[in-house]
Structure formats: structure tokens, C-alpha cells
Amino acid sequence: MPPGLFGNTRTGYEPTKARSALRLRLALALLGLVWGVGAAVGFAFAGQPGWAGVCAFVALIAVADVLVVVHRIRQGSRYQPGRDVPPGPPVGTRRRTGDGDG
């Protein structure tokens, strides 16, 4: 496969436009955690161990997601490429566009 075919070529706008909504993802993960734990406890008291297990599993996935999101928030912009990284493949590897000039 040629380099840059499936999104691994930088456009040069990454530091300003490539942002992930980590705080929204954290809020949704916390909501899933609260819902999962509450539903698991509710189903356990209602005598439905199968549904309680499913909801506990959802809560476990939400805990993992919270941990990943918190880790990425604490990383900050450490993995943003610096100014010394060009916004594309090296000049010698670019493909010609073939505009008909021959």
C-alpha cells in the first residue's frame, strides 16, 4: 500500500483541528459506570442474576474507559507532532498527480 492511503499522512492542521472530545467521553463513561452499577445492584436485589451480571460487565467496561480517558487527559498534548515534523511524507516519496502535462 502506498504511504498515506488510509489516513497516516498529516495534513498540517493537526495541532489546531485534531482534537478528541475527551471530557465528553469521560462524562459518558461515568454515566455508563453509574448506570451499570445501579442497574446491577437493582437486578441483584430483584433476583435477576443474569441481568445483574450483564450490567456489572457494562460497569466494568465503563471503568476501563474512564481509566483510559483520564490517562489521555493527563498526557495532554505530549503526542502532538512538533514543528520539525513535516506535514506529509518526505518529498522524494510523494506520488505525482498526473495532470496531463506529460
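Trp35, Trp51, Val54 and Val58 make a nonpolar surface patch of about 420 Å². The model is predicted. Helix α3, residues 49-75, gives the most to this patch, with 3 residues. Val54 is found in α3. Is Val54 buried, partly exposed or exposed? Its relative accessibility is 44%, so Val54 counts as partly exposed. Buried would mean under 20%, and exposed over 50%.

Now step back to the whole chain. The protein has 3 helices and 0 strands. Along the sequence, the pattern reads α-α-α. Of its 102 residues, 15% count as buried. The accessible surface comes to about 8,300 Å². Carbon and sulfur atoms hold 64% of that surface. Contacts reach across the sequence. Among those with a separation of 6 or more, 69% join residues 24 or more positions apart.

Helix α3 deserves a walk from end to end. It has 27 residues. At 1.5 Å a residue, α3 should span 39 Å. The end C-alpha atoms are 39 Å apart, so the model agrees with that expectation. Just after α3 comes Gly76, which takes a positive phi of about 70°.

Which residues of α3 are buried? They are Ala52, Cys55, Ala59, Ala62, Val66 and Val69. An α-helix has 3.6 residues a turn, so residues three or four places apart point the same way. Follow the buried positions along α3 with that in mind: Ala52, then Cys55, then Ala59, and on through Ala62 and Val66 to Val69. The cover over these buried residues includes α2.

How many salt bridges does a search of the whole structure find? The search finds 1. Asp65 forms a salt bridge with Arg25, and the closest N and O atoms are 2.7 Å apart. Asp65 lies in α3, while Arg25 lies in α2, residues 22-45. The pair therefore ties together parts that are 40 residues apart in sequence.

Asp65 has a relative accessible area of 21%, so it is partly exposed. The cut-off for buried is under 20%. Arg25 is partly exposed too, at 30% relative accessibility.

Key
Residues numbered from 1 in each chain as written. Predicted model: local features only at pLDDT ≥ 70, side-chain atom pairs only at ≥ 80, totals over all residues. Heavy atoms only, no water. Patch = residues over 30% accessible without salt bridge, like charges linked within 9 Å, V, L, I, M, F, W, Y side chains within 5 Å. Areas by Shrake-Rupley, 256 points an atom, 1.4 Å probe, with all protein chains shown as cover. Salt bridge = Lys/Arg side-chain N within 4 Å of Asp/Glu carboxyl O. Helix = DSSP H or I, 4+ residues; strand = E, 2+ residues; numbered from the N terminus. Buried < 20%, exposed > 50% of the residue type's maximum accessible area, 1.4 Å probe, protein only. Contact = heavy atoms within 4.5 Å. Expected span 1.5 Å × (residues − 1).
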